[in-house]
Amino acid sequence: MTDVEASAPPYSTRSAAGGSSLALYRKYRSSTFAEVIGQDHVTVPLRQALAANRINHAYLFSGPRGCGKTSSARILARSLNCIQGPTPDPCGVCDSCTELAPNGPGSIDVIEIDAASHGGVDDARDLRERAFFAPVRDRFKVYIVDEAHMVSNQGFNALLKLVEEPPDFLVFVFATTEPDKVLTTIRSRTHHYPFRLIPPTVMRAHLETICTAEGIAVEPAVLPLVVRAGGGSARDSLSILDQLLAGAGPDGVTYSSAIALLGVTDGALLDDMVDALAAGDAAGVYGTVDRVVEAGHDPRRFSVDLLDRFRDLILLDAVPDAGERGLIDVPQDQLAHMANQALRLGGASLTRYAEIVHTALIEMRGTTAARLVLELLCARMMLPDASTDAAAVLQRVERLERRLAVAGDSASAVTNAPKQADKPVTPAKAASKPSVPAGPAAERAHEAQPTATVRPEATERPPAVAATAPAPATESATTPVTAPSTTPGDPGVLDANALRRLWPEVLEVVKLTSRRTRALLDNAQITEVSGELVTLAAPGALAKMIGDDSNTSVLRAALTKIVGGEWKISVDGAPVAASAGEATRPGGAAPAEEPDPRDDAEYEPAPRDRAAAPQNDPEAEAMKLLRDQLGARPLEG
């Protein structure tokens, strides 16, 4: 190894007037230990050692690329040779400090060697011969050996005696990204300081400071992209930021230009994919894949970004305040939407999705059909029933637990509903009750009605009960009259994709009215929207249950509240007729509905009807089922 590099200035002093401008990672290189970011576990002990004048003859700086190893080695040499040194804070005005500054010409007593090209045994012998000469001017003669892991074993063996017992004025600083490849006998004779990747919060604050100093506006959503692309390396992050600033327009660096230049996936595509998975919308999932490919995005890069999104959602599901804790770095306006996504998917589903995407990323290596692999991973995410692994079983169990919880809440609401008084309501009193106007008050008054659909009497009424139905005037007093909605909106302007995006909001409104209907709609998908007709698809017998008027009326009301207009519902292509309560009169007022009083959750059968009403004894029902299906008999005695 030769000291030819000592005669050449390590930093360029070119400016925009004389040629190209100085790169940001060189322009903002640290000149003191206090300016080094994210490496306090290294800089603080070094400053203490310099202040106490406990200088070792050899140091080993290891860590990932771009985290400050070589810069710290130069700062150490500057602190040792300062006229006030050894000192943790170089004066910056003496000859040594000026020459070793980030834009200085370099010092003849500080020799930097690139071991990648000077790592042979002959280079090591040449260094050993030159090392015994005293420094020309400064206090110490410092050798900075960069990429030290590239030195051969023979070269390290040639340096071993010199590193073990150097002259008093000689200091070695080895910098490497792979400390395990440094000869053990050399490593044991050094003070080892491991550098680490810079935390995202520290890096983002550093980038904001540089953007302010450069006087270029940068949208807040751009910096997280730069931090993630830099991977914790200050040099890589500053190089990416330098590229973005160089192409900035009059408005500065915008989010759209940043994602186009960096090749990262737009957050809107990730939101569409996650929302479609949460809604079980296969058309939305594969439509998003098609948009990714048509936009020219790399399917593998989209999968990596999708895996990052699932990671953030898993953290939000486990730690709801992950944003405030700094566990995820996303804009505040997007954090609320991601929290809603994590709540709708659940921890089991998110974990399974992340495992599927991670496995697919391995399969994408070297493949010539990346889109096919991406579509296959979407198919595996959409079909947990087709897999028998533990993650798929856990996801199905989680879905069942949610449905049972919803069904239990619905049954509890029916059981705890207040009982209606036995005395009949006279027509005079019924006429004196004011009609309920359409709007939020009508929705609150209608909340108790859908729960009556779970009562056996509402679906299978004995003839004797039907004969004892009260007069229509009495029923009109207990059933709210719903006027036509005045919410502005035109259903015809929405297509299926647009309605699928609003589907989670519609389901939340349905849940406020009827939890049973909300649980049934988990199995339904929007297949087509034609004008004011919405076509749903559901498996098997669930289609008939969803198509019941008690459920479709709740869904129509929710669509009107969220979207506006009047809607019709069709399940499996069979249109559902509008209920009598929704048929409007020529004058615009809706006629009162006349259902049997047993449809009301507050109805209590009269004494003479109680004998005719079925008695739901759980023990008796269980015994009957065992006797009829298995031929079981109760034990006597």
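**Close-up views of a predicted model**

**View 1. Glu-147 is a partly exposed residue, with a relative accessible area of 27%.** Because that value falls between the cut-offs of 20% for buried and 50% for exposed, the residue gets the label in between. This close-up, like the others here, comes from a predicted model. To find Glu-147, look in the loop that links strand E3 (141-146) to helix H6 (153-164). Its backbone is worth a look too: phi of Glu-147 is positive, about 55°, although the residue is not a glycine. Most residues other than glycine have a negative phi.

**View 2. Asn-53 is another residue with a positive phi, near 60°, and it is not a glycine either.** You will find Asn-53 in the loop between helix H2 (40-51) and strand E1 (58-62). Is Asn-53 buried or exposed? With a relative accessibility of 53%, Asn-53 counts as exposed, because the cut-off for that label is over 50%.

**View 3. Helix H12 (residues 267-279) packs against helix H13 (residues 282-294).** Angles over 145 degrees count as roughly antiparallel, so that is how H12 and H13 are described. The crossing of H12 past H13 is left-handed.

**View 4. Here are the residues where H12 and H13 meet.** Which residues does H12 bring to this contact? They are Leu-269, Asp-272, Met-273, Ala-276 and Leu-277. From H13 come Gly-284, Val-285, Thr-288, Val-289, Arg-291 and Val-292. Sorted by type, the residues of this contact are seven nonpolar, two polar and two charged.

Conventions. Residues numbered from 1 in each chain as written. Predicted model: local features only at pLDDT ≥ 70, side-chain atom pairs only at ≥ 80, totals over all residues. Heavy atoms only, no water. Axes fitted to C-alpha atoms, helices over the stretch in contact; angles between N-to-C directions. Helix = DSSP H or I, 4+ residues; strand = E, 2+ residues; numbered from the N terminus. Parallel < 35°, antiparallel > 145°, perpendicular 65-115°, else oblique. Left-handed = near helix turned anticlockwise from the far one by under 90°. Contact = heavy atoms within 4.5 Å. Nonpolar A, V, L, I, M, F, W, Y, C, P; charged D, E, K, R; others polar. Buried < 20%, exposed > 50% of the residue type's maximum accessible area, 1.4 Å probe, protein only.
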